[in-house]
Amino acid sequence: MEKKEDKLKEVISHAKEYGFVFPSSEIYDGLTATYDYGQLGAELKNNIKNYWWTSMVQMHEEIVGLDAAIFMHPKTWKASGHVDAFNDPLIDNKDSKKRYRADVLVEEHIEKYREKIKKDVAKGKKKFGDDFDEAQFLATNPNVKRNQSKIDELEGQLSKILESDDLEGLKAMIDDLGIACPLSGSKNWTEVRQFNLMFATELGSLAGDAAKIYLRPETAQGIFVNFLNVQKTGRMKVPFGIAQIGKAFRNEIVARQFIFRMREFEQMEMQYFVRPGEELKWYEYWKEKRTKWHKALGLGEDYYRHHDHLKLAHYANAAADIEFDFPMGFKELEGIHSRTDFDLRKHEEFSGKKMQFFDPELNKNYIPYVIETSVGLDRMFLAVLSASLKNEVLEDGSERVVLSIPPALAPYKVAVMPLTKKDGLPDKAREIIDGLKFDFNCQYDEKDSIGKRYRRQDAIGTPYHVTVDHQTLEDNTVTIRDRDTMQQERVSVQDLHRIIDEKVSMRKLLEFIEKH
Ligand code: GAP
């Protein structure tokens, strides 16, 4: 089986080779944790957005969209708690001048004990072969038990320290464990400090502190501050939702793993406003609905799992992550949070404006409770790309690279190719594209042998490949090749629209979410 690290490398290089993702400003050697989406990446990203927006807004009469500005009044971030509490604990190594997240240094140290356990398990497997009982080995092997109890002890200590914001305790832990800078090898550390993750910039017309504004670290606050604008102008009644897709910025210190953790990224967030007391019912509803949205893509059920938060943020009364099995292992893809009335109440307090809804059925005013669904667009992109990229060995022993992207998300829906560049075949291919391009993104491809063209389309995930040959000129039929089965069929040009539509339409995905 392919190693996970190799898989991530393969995804990064495929993404670059075919124009999905480029390092940002690459001609200047790039900018860390910042990426540009290329010609195919932009298409895939738009299709993911479209899938999310359609399923949220078009499919729910009680959910409407919003497109709020990235800049917001600075008080927004005081009210939301981001100015005071959106921090990471940081430590600098005085010799290498490199900055680290102090908790991550400790976590990486703990990880070494996990690696030791893995090595012992691998040795056990090798020694005992088919007779190896992993569960029993983990429970009884003295080395494993010693390492596991060290992990438990250190994890317990770290979580207590983080819960109580004990920066001195964190520094002491780094010293006690003898953690050295991976770059310089030295243990010459500064104290641990809190570092706010928001990017700040200045408004042109003001001086000093008054000029300081932030690039939003989440899109959600744009929804909260517009809650009454939308409710009143849209004549919305609780329960209702506001959906938004947009950029968010975080000065992540440990930014790595390709587009998984970036400093500039995109979120697709929906805030669902409900009656106080009904929030947990809606929380369960959205957790299930969002899970179906992911599973409808057909990447495979095994890619997903839920992680219910045991330790909740002070404003939440329930929270879960939908995790995805990325090339780096299971990690958060989407968060579902029951945020109580925290945000609206805080905005009411800081702005002095009422953030309440008059419920005609209950005949009373209240601040609604909020269920939030928040998924990273870039993480969705990585999930789709990494689960779809496959190296297949074919029956004749040859190999192909195929990107089995869910057809509704594929950058191109169909490639139309003249068998040769002469005899009027290119004109016929273009005529076919002219009939399809109103509904589908089509690619015209006449370069190289037909076999090479098929491989190229497989590699960029085009679900259908149509070949125009001499018979086409006689009877208006073409061959259509299916990316996944590689089967070819001769069909009439008139039928192309229907055949393609059946496969690439988003309808099937949306029906799956509705029905199951
Ligand atoms: N409004 C709630 C919120 O922002 P979050 O868990 O901090 O919650 C939500 O972020 C989602 O945004 C995550 O599940 C992840 O998909 C995405 N995300 C967060 N930070 C990211 C980063 N640095 N790079 C890429 N995606 C990120």
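**Exercise 1. Determine the strand order of the open sheet that has 3 strands, and state which strands stand at its edges.**

Solution. Step 1: in this predicted model, 3 strands make up an open sheet with the order 5-4-6 and antiparallel pairing. Strands (E, at least two residues) and helices (H or I, at least four residues) are DSSP runs, numbered from the N terminus. Two strands count as paired if DSSP finds at least two bridges between them.

Step 1: strand 5 (99–101) and strand 6 (193–196) are the edge strands, as each pairs on one side only. Ignoring direction, neighbouring strands of this sheet are turned by 50° against each other on average. Axes are lines fitted to C-alpha atoms, for helices over the stretch in contact, and angles run from 0 to 180 degrees between N-to-C directions.

Step 2: strand 4 (residues 87–92) and strand 6 run antiparallel and are joined by 4 bridges. Within strand 6, Gln194 is the residue opposite Pro89.

Step 3: Helix 5 (residues 102–128) lies across strand 4 and strand 5, at about 70° to strand 5. Helix 8 (residues 167–176) lies across strand 4 and strand 6, at about 40° to strand 4. Contact here means heavy atoms within 4.5 Å.

The model is predicted: local features need pLDDT of at least 70, side-chain atom pairs count only at pLDDT 80 or more, and totals for chains, interfaces and linings use all residues. Residues are numbered from 1 along each chain as its sequence is written, and side-chain values use heavy atoms, with hydrogens and water left out.

**Exercise 2. Describe the open sheet of 5 strands, and explain why one side of strand 20 and of strand 23 is left without a neighbour in the sheet.**

Solution. Step 1: the order is 20-19-21-22-23, and the pairing is mixed.

Step 1: strand 20 (442–444) and strand 23 (488–492) are at the edges and have a single partner strand each, so one side of each has no neighbour in the sheet. From one strand to the next, the twist averages 25°.

Step 2: strand 22 (residues 477–482) pairs with strand 23 in the antiparallel sense over 5 bridges. Arg481 has Gln488 of strand 23 as its bridge partner.

Step 3: helix 15 (residues 450–460) lies across strand 19 (414–418), strand 20, strand 21 (464–468), strand 22 and strand 23, and runs at about 170° to strand 19.

**Exercise 3. Identify which residues come nearest to the ligand, and describe the shell around the ligand.**

Solution. Step 1: there are 20 residues around the ligand, and Glu218, Arg250, Met262, Glu269 and Glu332 come nearest. A residue is near if one of its heavy atoms lies within 4 Å.

Step 1: polar contacts (pairs of N or O atoms within 3.5 Å; within protein, one must be able to donate a hydrogen and the other to accept it, and residues adjacent in sequence count only if both atoms are side-chain atoms) are listed next. The side chain of Arg250 has an N or O atom 2.9 Å from an oxygen atom of the ligand. Met262 brings a backbone N or O atom to 2.8 Å from a ligand nitrogen atom.

Step 2: by class, the shell has 5 nonpolar, 5 polar and 10 charged residues. Asp, Glu, Lys and Arg count as charged, Ala, Val, Leu, Ile, Met, Phe, Trp, Tyr, Cys and Pro as nonpolar, and the others, Gly among them, as polar. Strand 13 gives the most to this shell, with 5 residues.
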